[in-house]
Amino acid sequence: MLKKNKQKGFVTWPGVNYRKGEFNDIPSHVDVEKGDTIVTSGNSLLFPENITVGTVREVELEQGKSFYSIEIEFSEDYNNTEYVYVVTNLMEEEQKELLERRDNEME
């Protein structure tokens, strides 16, 4: 998500340059600028909230499109990573159950 306004999107890696990715599904009415910080939203069972993912490098809006094309630079040099932490989510099953209940109630 964008740190400054908590707008959520999806980060993808197109597979070309290990330092650059894309931040997708950000509507054109959202304020996005070069240099903005992208962090994890905490909406995933995999990543906690507010871990820096990268910074916005380019923002484009093609004519007639409703969503930005956003290029980001990852904060981590994945080609030079030596140490990582593997974290076990002790609450994963409970979180899954709560999400399922929520989804069932919304139907």
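Predicted model: local features only at pLDDT ≥ 70, side-chain atom pairs only at ≥ 80, totals over all residues.
View 1. Leaving aside residues up to four places away in sequence, L2 touches Q7, F23, V30, D31, V32, D36, T37, I38 and V56. Several of these neighbours, including F23, V30, V32, I38 and V56, are listed together with L2 in the largest nonpolar core.

**View 2. The largest nonpolar core.** This core has 12 residues, namely L2, F23, I26, V30, V32, I38, V53, V56, Y68, I70, I72 and F74. At least two of its residues are supplied by strand 4 (52–60), and at least two by strand 5 (69–74). Of the contributing elements, strand 5 gives the most, with three residues.

**View 3. Pairing of strands 3, 4 and 5.** Strand 4 runs antiparallel to strand 3 (residues 37–39), to which it is joined by three bridges, and it also runs antiparallel to strand 5, with six bridges between them.

**View 4. T55 within strand 4.** T55 has its place in strand 4, and its side chain makes a polar contact with the side chain of R57, at 2.8 Å. In a regular strand, side chains alternate between the two faces of the sheet. When residues up to four places away in sequence are not counted, T55 touches G35, D36 and T37, together with E71, I72 and E73. Two of these neighbours, D36 and T37, are also touched by L2.

Notes:
Residues numbered from 1 in each chain as written. Heavy atoms only, no water. Core = buried A, V, L, I, M, F, W, Y, C linked by side-chain atoms within 4.5 Å. Buried < 20%, exposed > 50% of the residue type's maximum accessible area, 1.4 Å probe, protein only. Helix = DSSP H or I, 4+ residues; strand = E, 2+ residues; numbered from the N terminus. Contact = heavy atoms within 4.5 Å. Polar contact = N/O pair within 3.5 Å; in protein donor to acceptor, adjacent residues only side chain to side chain. Pairing = 2+ DSSP bridges.
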